[in-house]
Amino acid sequence: MAKQTNPFDWSGGHAALDLVNTLDERPSDAPIDNLATYANVVAFAELAGLISPSLARELRPLTGAINASTARRVRVLREQLYAVLVALHTNRPVPQSALGAITRDIHRAHAARSLVSTTESPTVTSCWTLPAAPEIPLHACALAVEELLLSTDHSQIRKCCAADCAVYFLDTSKAHRRQWCSMRNCGNREKQRRWRSA
Ligand SMILES: [Zn+2]
């Protein structure tokens with residue numbers, strides 16, 4: 001099988017932020033959707049560490065209406081999270097409609113997991129009830145979104161300071177002064193712009 005390409009932006013520092021950043025060139029009139037197909041969604045979930053490579057190999061060839069629908073639901077989840085991030089970034093109230101939609105996805109994700117006993121420590125763990133269900137990439141994304149919203153310091157969630165870049169990232173730098181999605185892209189570009197206008 002052909003090796004999956006990796007068009008994704010991994011500067012988010014958290015799988016849920018990397019998910020939001022899968023819509024490339026977001027502020028432009030023609031954003032590029034890196035989750036256009038189910039295979040894209042599977043590739044993202046695998047590379048983000050949300051599903052195992054063996055599960056990805058099983059799911060990637062799947063086509064059909066259910067898979068297209070799962071990919072669409074991942075894109076909707078992504079945009080609901082984006083709405084939350086924009087609200088946080090602009091100090092506006094977080095839209096309850098977005099939180100309600102995310103809640104429903106999180107509920108479904110938890111409903112797809114079961115407790116099982118293991119011979120190792122911890123002796124009880126949770127895993128997917130149907131280990132190769134096509135919705136697992138969606139559920140895994142929903143759990144990553146839950147982790148971001150409930151278990152991270154929201155003051156560390158930042159948008160890239162470049163006006164034409166809508167990449168979000170978790171600023172875990174010691175000084176908490178990270179400004180750019182990446183120094184190589186927006187950081188250098190902005191430095192050159194400031195130098196030219198000085
Ligand atoms: Zn940027």
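Among contacts in the chain between residues at least 6 apart in sequence, what percentage join residues at least 24 apart? The share is 57%, where two residues are in contact if their C-beta atoms, placed from the backbone, lie within 7 Å. The structure is a predicted model, in which local features need pLDDT of at least 70 and side-chain atom pairs count only at pLDDT 80 or more, while totals for chains, interfaces and linings use all residues. Residues are numbered from 1 along each chain as its sequence is written.

**Overall architecture**

The chain has seven helices and six strands, these being DSSP runs numbered from the N terminus (helices H or I with at least four residues, strands E with at least two). From the N terminus on, their order is α-β-β-α-α-α-α-β-β-α-β-β-α. The radius of gyration, taken over C-alpha atoms, is 18 Å, close to the 16 Å that the globule rule (2.2 Å times the number of residues to the power 0.38) gives for 198 residues, so the chain is as compact as a globular protein of that length. Along the principal axes, the C-alpha atoms fill a box of roughly 65 × 35 × 35 Å. Buried residues make up 32% of the 198 residues; a residue is buried if 20 or more other C-beta atoms lie within 10 Å of its own, exposed if 12 or fewer, and partly exposed in between, with C-beta atoms placed from the backbone.

**The nonpolar core**

A nonpolar core is a set of buried Ala, Val, Leu, Ile, Met, Phe, Trp, Tyr and Cys residues joined through C-beta atoms within 7 Å. In the largest one, which has 46 residues, A16, A45, L81, C141, A144 and V145 touch the most other members. Two or more residues are given to this core by each of α1 (15–20), α2 (38–47), α3 (53–59), α4, α5, α6 and β6 (168–170), and the largest share, nine residues, comes from α6. Leaving aside neighbours within four places in sequence, A16 is in contact with L81, A144, V145, E147 and L148.

| Helix | Residues | Expected span | End-to-end C-alpha distance |
|---|---|---|---|
| α5 (96–111) | 16 residues | 22 Å | 22 Å |

The buried residues of α5 are I102, D105 and A109. They cover an arc of only 60° around the axis (the arc of the directions from the helix axis to the C-beta atoms), which puts them on the same side of α5. Just after α4, N91 takes a positive phi of about 55°.

Strands β3 (residues 113–117) and β4 pair in the antiparallel sense over five bridges, pairing being assigned if DSSP finds at least two bridges between two strands.

D153 is placed in the loop between α6 (136–151) and β5 (157–159), and with 10 C-beta neighbours inside 10 Å D153 counts as exposed. D153 and D171 are 18 residues apart in sequence, and their C-alpha atoms are 9.7 Å apart in space.

How values were computed. The expected span of a helix is 1.5 Å times one less than its number of residues.
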